[in-house]
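Please keep the sequence and the model at hand while reading.

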Amino acid sequence: MNYKTLRIIKRILLNIPLALGSLVMLAPLIWMVSSAISANTFIPLQSLFPTGEVTLVNFKEAWMFPAATTEGLTMGTFFLNTIIMTVCIVIGGLLFDSMAGYVIARKEFPGRTFFGFLALSTLMVPFYVTAIPQYIIVKELGWVNTLTALIVPSLASGMGIHLFRSHFRSVPIELEECAKLDGASDFRIFFSVMLPISKPIIGTMTTLKAMWSWNQFLWPLIVINNPKLYTIQQGLTFFQGQNVTQYGYLCAGMTLAILPLLIVFLVMQNFFIGGLTAGAVKG
Amino acid sequence: MIVASKRERFGYYLFLLPAFVVFTTFIFGPMLYSFYLSLCKYSLVTTNNPQFVGFKNYLDLFKNTQFLTAVKNTMIFTLALVPLTLFGGLLVAMGINSKLIKYKRFYKICYYIPYVSSMVAVSYVFKILFSSRPDAAMNALLAAFGVAPIEWLNSADWAMIIIILLSFWKQLGYVMIIYLGGLLAIPEDVYEAVSLDPINGPTMLTKITLPLLKPTTMFLLVTEVINSFQIFTPVHVMTSGGPGMATTTLVTLLYEKGFKNSNMGQASAIAVIIFFALLLLSIIQNNLDKE
């Protein structure tokens, strides 16, 4: 056997388990979408794809479903709440993280190392450890059942500051000095020189924050108990405890909750993967 | 570095202010408050202020079978999940990293999609997949092979296995991506230098690749243990800790005690115990790293 055929055999032998693995990884989600678009109630796992008639009626039903228990609320309300929350967390978080990361990376002032250390130390505190006092504080502030309670605690992140700091450290100092000689203030330099050259890291942080914010569950569960302000993840709990025999619309509901973020991920996958790896290698 | 005037320095603190106000209010403050609350009797239902009771909450916890079961379950979950995901993730990463694989991006996306999907939604999907109805997804698949329907989430043994399976499925892509980053960071000439010697695949793996991946493995070990210790969402959605106490974990118990029974003192004690367990782990990791 010559070298070339051996290589082809090796290639096939390696591709088979990887491809099978991919199929197993995607199977639950393919099954979910199939059930969502299928008119049949039960799709056995082995068929994976819709067996009978294909329909979108499940999506309509899922969208309207919570209305039965909450005086006319639909999934639309939950989507809107989640979008508002996610946009605010992403924009506000990017701003706060980049500002702090910038001065820690580039400026000389008393306490600089200390603040850098503090920002990193927040990574050591698991959310669940602070959940109870956080709730008590939010309650004292009168924020229970407001979107403010969902947004404000997530406006700064140690990981964000850390990644922005690493990024700003790699920017050549001459750039800043030139702007300074032209008489630009620090605020001006930050917003019109430093931020515009930070697009990759902004892309990375946007995807990471969006994913985290869109998928957060326990915190909304604690601070929001008015269905009008439910996030999409909480909205899904309406499906729980239903005596479900129609799996179709349940799966449609889940598909609706997963899809928006999946699209963001597919569009911005390079930023996304880059960000996680950067956090691991430099962290 | 440009020397800063006093006024400019004041400006720097303004840059730091927003982030650190958030940290102080929602991380550092609550952290300290947690320690204090764990030494108090406190309920949100009554209007009483926290009442100092010393270490009573901790002593009560260690006598409480619920807590001991939760510790046991969390340990089982962590000890099963972490080695599984690390091993599986490394295997997939090495496969994708091979020069023989062409469609790297495609594979990466396939393995990565579960990680991006909402945990609440996929927990529901698994709940339906593993429904105990004989005609539902997984049981229907088993029936095709002539296996009798299984009770899945209603069975104390299977419930934990399904939660581990779901977490493995969800976390595998993340571990794979991080390992892939680690593999790419190994310089090409290391392998070139080795390939001059007659060395076989397994030796290459144990003597070259794995030792060079040690920092990545350490990072993943710590982050995965921290994540596993905080397992909450799938349990909350799929089993609510049942059947019986079979899937109750530390965080589901914390949620139950704190927000359902309003026993804030005891819930804080659980939080503090989780914190110190994880802190200890990080310290051990740091020391191992230095060796």
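How many salt bridges does the rule find across the interface of chain B and chain A? The rule finds zero there, a salt bridge being a side-chain nitrogen of Lys or Arg within 4 Å of a carboxyl oxygen of Asp or Glu. The model is a predicted one, in which local features need pLDDT of at least 70 and side-chain atom pairs count only at pLDDT 80 or more, while totals for chains, interfaces and linings use all residues. Residues are numbered from 1 along each chain as its sequence is written, chains are lettered from A and ligands numbered from 1 in the order in which they are written, and side-chain values use heavy atoms, with hydrogens and water left out.

**The interface**

Between chain B and chain A, 10 residue pairs, both at pLDDT 80 or more, are in polar contact (a pair of N or O atoms within 3.5 Å; within protein, one must be able to donate a hydrogen and the other to accept it, and residues adjacent in sequence count only if both atoms are side-chain atoms). On the side of chain B that touches chain A, helix 1 (residues 6-37) gives the most, with 21 residues; helices here are DSSP runs (H or I, at least four residues) numbered from the N terminus. That side of chain B divides into 67 nonpolar, 13 polar and nine charged residues, where Ala, Val, Leu, Ile, Met, Phe, Trp, Tyr, Cys and Pro count as nonpolar, Asp, Glu, Lys and Arg as charged, and the others, Gly among them, as polar. In contact terms (heavy atoms within 4.5 Å), 89 residues of chain B meet 96 residues of chain A.

**Two helix pairs**

Axes are lines fitted to C-alpha atoms, for helices over the stretch in contact, and angles run from 0 to 180 degrees between N-to-C directions.

| Helix pair | Axes come within | Crossing angle |
|---|---|---|
| Helix 5 (residues 127-140) of chain A and helix 13 (residues 264-290) of chain B | 8 Å | roughly 145° |
| Helix 3 (residues 65-97) of chain B and helix 10 (residues 214-229) of chain B | 9 Å | roughly 145° |

The contact of helix 3 with helix 10 of chain B has eight nonpolar, five polar and one charged residues. Helix 10 of chain B also holds Thr223(B), whose side chain has a polar atom 3.0 Å from the backbone oxygen of Phe219(B) and reaches the backbone oxygen of Leu220(B) at 3.2 Å.

**Salt bridges elsewhere**

Over all chains, a search of the whole structure finds seven salt bridges. One of them joins Lys107(A) to Glu176(A), with the closest N and O atoms 3.3 Å apart. Because Lys107(A) lies in the loop between helix 3 (75-106) and helix 4 (112-121) of chain A and Glu176(A) in helix 8 (residues 173-181) of chain A, the pair ties together parts that are 69 residues apart in sequence.

Technical notes:
Helix = DSSP H or I, 4+ residues; strand = E, 2+ residues; numbered from the N terminus.
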